[in-house]
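Good morning, and thank you for coming. Please look at the sequence and the structure as I show them now.

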Amino acid sequence: MTDSSVPATGTADRDLRSFIAGLPKAELHVHHVGSASPRIVSELAARHPDSKVPSDPEALADYFTFTDFAHFIEVYLSVVDLIRTPEDVRLLTYEVARDMARQHVRYAELTITPFSSTRRGIDARAFMDAIEDARKSAEAEFGTVLRWCFDIPGEAGLESAEETVRLATDDRFRPEGLVSFGLGGPEIGVPRPQFKPYFDRAIAAGLRSVPHAGETTGPETVWDALTELRAERIGHGTSSARDPKLLAHLAEHRVPLEVCPTSNIATRAVRTLEEHPIKEFTRAGVLVTINSDDPPMFGTDLNNEYAVAARLLDLDERGVADLAKNAVAASFLDTAGKARITAEIDTYTAAWPAS
Ligand SMILES: O=C(O)c1cccc(C(=O)CC[C@H]2O[C@@H](n3cnc4c(=O)[nH]cnc43)[C@H](O)[C@@H]2O)c1
Ligand SMILES: [Zn+2]
């Protein structure tokens, strides 16, 4: 765990952590390669010894300590380099779903960057078959429903945008589980408006718009994501807190934020958890969802992120259950799917001894 993990000091903390552990949850902002557990990374690193990624789990914890966001992306891409075959893709996806199921994650929208794999030589059709095979097996075996968000790695330029939208909209490639279209990577020097034509094409093909914005740049990036990319949710949106008009807009138009507290500390986008603006978001009436982003890389998991949020927002079990319901409401599940997980959350909460 990073220093953002919440120490389980008293009985109340331990009770809340137990409640969170068993709570049915949905996750809306979590990256595919960034979810590779130390075991998977070690296995892949041992398989590909030419990589600079350490295979020893202890050395890996050091390797996953970031000086800033740019350093994080450099390390992230070194792990991407370990995914070399469709079987690597399938194994990673299936194991990520297993880790989610262990945390009672019932539904997740997993952000995948197909460009990074196809440019490294993985055949696009084989890539899609691998993620779909893992998705179906995971749903059948673990009961966790996975859906995909394909994101453009913005810093890789418009070539990556073209390839991503092609794979997302061409019937020969578009996987059944794909629901949304995103934009990730560094924000500095990567203006959002240049991606408008690609988002227009994805939206016209029925995909939902969920770009990262305001993670490492100011509120103007969030405005661009809303107005140019027609964002329906915002990845991070951290700097929105610096613009009261933007907060009011997000609240009024019910545009949820995908908040990832530990990620923001690990990439040094926010200095300390105490300075994290999550409380300002809820005070302004913005719909907040809690997410883990790249959990093993940030020494966290979704359960820990809920515990962090509970501390920052001073929530009890019912408050935490409301956060879990926010994620379901903000998801791209259909009405019946939302009702099913919401009912599971309510049943679990009602049966919890302390509530
Ligand atoms: O794949 C390449 O060759 C490549 C070339 C140039 C730039 C890039 C990227 O910028 C890839 C970024 C990568 O990072 C993922 N990610 C994971 N967590 C976050 C986050 O918190 N904020 C932004 N991006 C994040 C993203 O999904 C991309 O896959 C790649
Ligand atoms: Zn992210």
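Which residues is Q103 in contact with, leaving aside its neighbours within four places in sequence? They are A21, L23, K25, D301, L302 and N303, where contact means heavy atoms within 4.5 Å.

Some conventions first. This is a predicted model, in which local features need pLDDT of at least 70, side-chain atom pairs count only at pLDDT 80 or more, and totals for chains, interfaces and linings use all residues. Residues are numbered from 1 along each chain as its sequence is written, chains are lettered from A and ligands numbered from 1 in the order in which they are written, and side-chain values use heavy atoms, with hydrogens and water left out.

Q103 sits in the loop between α5 (86–102) and β2 (105–112); helices (H or I, at least four residues) and strands (E, at least two) are DSSP runs, numbered from the N terminus. Q103 counts as buried because its relative accessibility is 14%; buried means under 20% relative accessible area, exposed over 50%, and partly exposed in between (1.4 Å probe, protein chains only). Although Q103 and L302 are 199 residues apart in sequence, their C-alpha atoms are 7.5 Å apart. A polar atom of the Q103 side chain lies 3.0 Å from the backbone nitrogen of L302.

Key: Polar contact = N/O pair within 3.5 Å; in protein donor to acceptor, adjacent residues only side chain to side chain.
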